[in-house]
Amino acid sequence: MASTSTLTRRQLIRTTGLGIGVAATGLALSGCSLLPETTPGAALLTSAVPLPAPFGVPLPILPRAQPTSRNAGTDVYDITARPGVAEILPGVPTPVWGYDGSFPGPTIVAERDRTVLLRLHTELPVPTVLHLHGGATPADSDGFPTDFLVPEGWTGQHTHPAGDVAVGTREYRYPNRQQAASLWYHDHRMDFTGPQVWRGLFGSYLIHDPAEDALGLPTGEHDIPLLVCDRAFGADGSLAYPSLDRTLSSVAGVEEPYAGGVLGDVVLVNGAPWPELDVTARRYRFRILNASNARQFRFELDPPVAPIVQVGSDCGLLAEPVAHTALPVSPAERYDVVIDFGGLAAGTTVELRNGLGSGPTAQVMRFRVTGAAADDSRVLARLADVEPLDPAKASTARRLAFARTSGQWTINGAPFDPSRPDATPRLRQLETWTITSDGDHPVHVHSAPFQVVDRTGGLAATDRGWKDTVAVGPAQTVTIVTRFPEFRGRFVAHCHNLEHEDMMMMATIEVL
Ligand SMILES: [Cu+2]
């Protein structure tokens, strides 16, 4: 067994065929023989550049993307994925790949039932794919990992057989026929999602609707996305990442110590290291996203001046608010929360800390109260109607084992093969998926919001509401109830530890 963990990525690619026999059993079957195997954890990259003291820079308020045009039912956006230079650490220029060249990209604000037509142009030197995470999106706009967008004149070779390829520009159509929610958009290129998101290809995407507007939650400048991620920096200020091929052009994968995931020693919020936000003594709504490749956070306020009141989950509002003293958030999860700084004296500082970190990674950001303020916002005891999905009414029960098998990250023993449907759910039919795990795997399903109905040790306070990503811990079993509500075609389900995803922990879901 030990020898498999030393296989190089190229060797792994050559052994991919081993998975095919297992694959024929499909996701619908259980009982694949999984050999016990040591599961490597995520490994820390340490920055070589001097790091700033915490709370020395203001929290960036990310700019809102402006539509190129608007008509009766559609907002058209033109966004370019391109190299840029960002000042992430004060006084240090960092080359990035970003939407419109920025780290993170601009925030897209959509309205329910108004289509967003996003024309993505690319000036990157390599292929890219765009996925709206949490979006109910037609298959041809969902960003299947081999539906590449390549730059004009690109002469490179794909590391996997390409699906539908566009050159220069690709149109993604998001119907937004879904409730108000905090989504995000990011790169989803086959084999290279980890390094490309790491370089900056992610951004916030919010959907509003009249039901949410009527609740009286904090709005405007008091409604702030917090995109939290860890990164590491080289001596020259560049983003460090242990790719086998630093050009991200021909060889996938990371150096072996990082095969379990890449962690950085710098915590960024909205692209700034350990920033500070001036607040007035009132309620604020924060859309928390863990945009890290592999790092889990547990957010806590220090001192604990107020509970972290969760009002929404990945895919929309909760039925009723839930007060947390600690909020664990795995990669790709979103938590829509309200924090009330009311009653705090001017000059009070409150840290947002990470209970799972140590040293610099235990710190996240700081709030500083500047003074009193009027506050006409509220958090009602009833927020939304959330239709409970009944597992007893499911017509199909699937089992998915997320585990390291023969040196690869696999689902039911099989590495990803885009040409092989692993599950063929029928449109609108209820299913239960029982997910087992050999380590920490944040499991994400495209196109089908779900509800968590069972977890080893009991449901967590964070399991409520409509989810699209669920944290499954070591030796845990989690059961979700789901249905694919709207679109037929080819989607994926995968681990959102991006190194696991890039190293094949992904399945093709063909909705019939
Ligand atoms: Cu994983």
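Which residue in β35 does Gly 489 stand opposite? Select Gly 489 and look across to β35: the residue standing opposite is Val 511. Before going further, please note that this is a predicted model.

**Stop 1: the sheet around β34 and β35**

Select strand β34, residues 489-495, together with β35. The two strands run antiparallel and are joined by six bridges. Now extend the selection to the whole sheet, which is open and has five strands in the order β28-β35-β34-β30-β32, with mixed pairing. Its edge strands are β28 (421-423) and β32 (469-472), each of which pairs on one side only. From one strand to the next, the twist averages 35 degrees.

**Stop 2: Met 504**

Select Met 504, in the loop between α5 (498-502) and β35 (506-511). Although Met 504 is not a glycine, its phi is positive, at about 90 degrees. Most residues other than glycine have a negative phi. Is Met 504 buried or exposed? Met 504 counts as buried because it has 25 C-beta neighbours inside 10 Å, and 20 or more are required for that label.

**Stop 3: a second open sheet**

Next, select the five strands of the open sheet with the order β17-β25-β24-β19-β22; here the pairing is mixed. At its edges are β17 (276-281) and β22 (326-329), each pairing on one side only. Neighbouring strands of this sheet are turned against each other by 25 degrees on average, with direction ignored. Within the sheet, pick β24 (residues 349-354) and β25 (residues 363-372), an antiparallel pair with five bridges.

**Stop 4: two cis peptide bonds**

Remain in the region of β19 and select Asp 302 and Pro 303. The peptide bond from Asp 302 to Pro 303 is cis, with omega near 0 degrees. Pro 303 lies in the loop between β19 (297-302) and β20 (308-313). Then select Phe 103 and Pro 104, whose connecting peptide bond is also cis, with omega near -10 degrees. The loop that holds Pro 104 runs between β4 (92-99) and β5 (108-111). Most peptide bonds are trans.

**Stop 5: strand β12 and its partners**

How do β5 and β12 pair, in the parallel or the antiparallel sense? They pair in the parallel sense, over four bridges. Select Ile 108 to find its bridge partner in β12, Tyr 205. By contrast, β11 and β12 run antiparallel and are joined by six bridges. Ala 181 has Ile 207 in β12 as its bridge partner.

**Stop 6: Asn 176**

Select Asn 176, in the loop between β10 (169-174) and β11 (181-187). The phi of Asn 176 is near 55 degrees, a positive value in a residue other than glycine. Asn 176 has 25 C-beta neighbours inside 10 Å and therefore counts as buried.

**Final stop: confidence**

Colour the model by pLDDT. The mean for the protein is 92, and 92% of its residues reach 70 or more. Over residues 1-36, however, the pLDDT is below 50, and this stretch has 52 contacts in the model beyond near neighbours in sequence. Where pLDDT is low, the predicted coordinates should not be read in detail.

Definitions and conventions: Residues numbered from 1 in each chain as written. Predicted model: local features only at pLDDT ≥ 70, side-chain atom pairs only at ≥ 80, totals over all residues. Buried ≥ 20, exposed ≤ 12 C-beta atoms within 10 Å, placed from the backbone. Pairing = 2+ DSSP bridges. Axes fitted to C-alpha atoms, helices over the stretch in contact; angles between N-to-C directions. pLDDT = per-residue confidence, 0-100. Contact = placed C-beta atoms within 7 Å.
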